[in-house]
Amino acid sequence: MRAVFIDYVEIKAAAGNGGAGCMSFRREKFVAKGGPDGGDGGRGGDIVAVTDPNLSTLLDYRYRRHYRAENGRPGEGSLKTGKSSSDMVLRLPVGTIVIDRETGAMIADLDDPDAREIIARGGTGGRGNAYFKSPTNQAPREAQPGQAGEKRKLALELKLLADVGLVGQPNAGKSTILATFSAARPKIADYPFTTLVPNLGIVRLREFKSCVMADIPGLIEGAAAGKGLGHQFLKHIQRTRLLVYIIDVNEPDVLRTLGVLQQELADFDHTLLDRPSFVVITKIDTITQRDLKKLSNNFGGGYLWLSAVTGMGAEKFLLEVERQLDQQRIERTPG
Ligand SMILES: Nc1nc2c(ncn2[C@@H]2O[C@H](COP(=O)(O)OP(=O)(O)OP(=O)(O)O)[C@@H](O)[C@H]2O)c(=O)[nH]1
Ligand SMILES: [Mg+2]
């Protein structure tokens with residue numbers, strides 16, 4: 001997908017330092033000179049990025065820029081190891097990438113809902129003097145400091161996720177719909193497989209209300225088996241909230257076409273069929289009013305009818321997109 005980012009923040013992450021090793025000697029009654037008994041220091045906490053499917057923006061990270069995990073505790077006498085510190089967890093929306101600002105390297109791509117990655121590693125604890133005891137050195141006066149935790153300047157970027165995915169056979173008119181309703185300018189042509197990579201556009205539904213629509217390559221029967229462009233590009237609509245099936249009114253068998261599209265989606269990821277969806281029959285300007293009436297009588301009220309060229313049906317199309325997206329917001333609001 002073209003890299004479009006809606007959300008970008010810079011933060012600093014400092015993992016915990018390791019605790020120092022301890023230098024200590026046993027002191028017991030009647031033992032003049034005890035052996036070394038300094039324990040090792042504990043580990044400093046890591047900074048860990050995990051995905052949280054309930055988040056959709058990086059807003060929280062605009063308000064707090066510094067993240068610091070706790071240091072490990074120092075070792076103690078009597079061979080007591082210092083307590084390791086717990087990790088600091090940063091919850092991030094699915095689709096966030098984490099970049100090291102100093103090297104430019106991507107250090108985490110949090111693409112799935114249960115991703116978990118260490119983005120700054122805590123230091124290990126230092127060795128206590130007990131560790132250095134040897135036959136030649138029975139009373140080592142050596143103990144290590146803890147290792148420093150990693151300190152990193154990071155950038156968090158959230159990839160733009162589409163709300164709505166347009167699914168249809170090649171040449172059905174998907175890119176034309178995106179071009180009609182958004183400022184995106186995808187390539188449009190009267191031959192199949194014009195669109196090779198997904199295009200995104202922002203569609204204005206009404207004042208202060210918009211959604212992101214993805215136009216993807218055409219899908220044909222057998223795509224799951226590699227026909228046409230295959231179906232790998234369907235991963236770009238896996239995170240969309242609403243699917244819109246686009247079918248050319250000139251298709252001889254609309255129901256069969258819809259069945260083929262759904263079968264190909266199911267072969268890729270069967271949960272896609274549980275996704276809210278509706279069907280748009282497009283290019284209705286290319287048939288006579290009388291044929292259109294006949295067809296719409298046949299199908300009842302189940303489908304929307306659209307011409308991206310004349311604008312016929314445009315208002316209903318946008319209203320339905322808005323209604324379905326709103327519906328999900330209501331369902332997702334707890335209580
Ligand atoms: N008359 C008319 N032509 C349309 C309409 N929508 C699309 N077309 C034409 O249909 C052809 C295919 O349109 P595209 O938008 O490129 O189709 P697509 O579904 O994106 O095709 P692929 O990218 O190949 O999957 C183009 O020649 C468009 O001009 C419409 O509503 N009315
Ligand atoms: Mg196209």
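Analyst: Let's start with "buried": a residue gets that name if 20 or more other C-beta atoms lie within 10 Å of its own, with C-beta atoms placed from the backbone; it is exposed if there are 12 or fewer, and partly exposed in between. Helices (H or I, at least four residues) and strands (E, at least two) are DSSP runs, numbered from the N terminus. Keep in mind that this is a predicted model, where local features need pLDDT of at least 70, side-chain atom pairs count only at pLDDT 80 or more, and totals for chains, interfaces and linings use all residues. As for labels, residues are numbered from 1 along each chain as its sequence is written, while chains are lettered from A and ligands numbered from 1 in the order in which they are written.

User: Okay, which residues of helix 2 are buried?

Analyst: Helix 2 spans residues 174–181, and its buried residues are K174, S175, I177, L178 and F181. They cover an arc of only 160° around the axis (taken from the directions from the helix axis to the C-beta atoms), which puts them on the same side of helix 2.

User: What do those buried residues pack against?

Analyst: Five strands: strand 9 (164–168), strand 10 (199–206), strand 11 (209–215), strand 12 (242–248) and strand 13 (277–282). Contact here asks for C-beta atoms, placed from the backbone, within 7 Å of each other.

User: And which residues come nearest to ligand 1?

Analyst: There are 24 residues around ligand 1, and G173, S175, D190, T195 and G218 come nearest. To be near a molecule, a residue needs its C-beta atom, placed from the backbone, within 6 Å of it. Helix 2 gives the most to this shell, with three residues.

User: What is the shell around ligand 1 like by class?

Analyst: It has nine nonpolar, eleven polar and four charged residues. Ala, Val, Leu, Ile, Met, Phe, Trp, Tyr, Cys and Pro count as nonpolar, Asp, Glu, Lys and Arg as charged, and the others, Gly among them, as polar.

User: Why is L90 called buried?

Analyst: L90 has 21 other C-beta atoms within 10 Å, so it counts as buried. You'll find L90 in strand 4 (residues 88–92). Leaving aside neighbours within four places in sequence, L90 is in contact with I47, A49 and Y67.

User: Then what makes L79 partly exposed?

Analyst: The count for L79 is 17 other C-beta atoms within 10 Å, so L79 is partly exposed. L79 is placed in the loop between strand 3 (66–68) and strand 4. Its phi is also worth a look: near 60°, a positive value in a residue other than glycine.

User: What makes helix 4 "hardly covered"?

Analyst: The count of buried residues among its eleven residues is zero. Helix 4 is followed by G300, with a positive phi near 65°.

User: Which strands are at the edges of the three-stranded sheet, and what makes them edges?

Analyst: That open sheet has the order 4-2-7, with mixed pairing. Strand 4 and strand 7 (116–120) are the edge strands: each pairs on one side only. Two strands pair if DSSP finds at least two bridges between them. Strand 2 (residues 47–51) and strand 4 have five bridges, in the parallel sense, so they pass that test. Within that pair, T51 stands opposite L92 in strand 4.

Technical notes
Contact = placed C-beta atoms within 7 Å.
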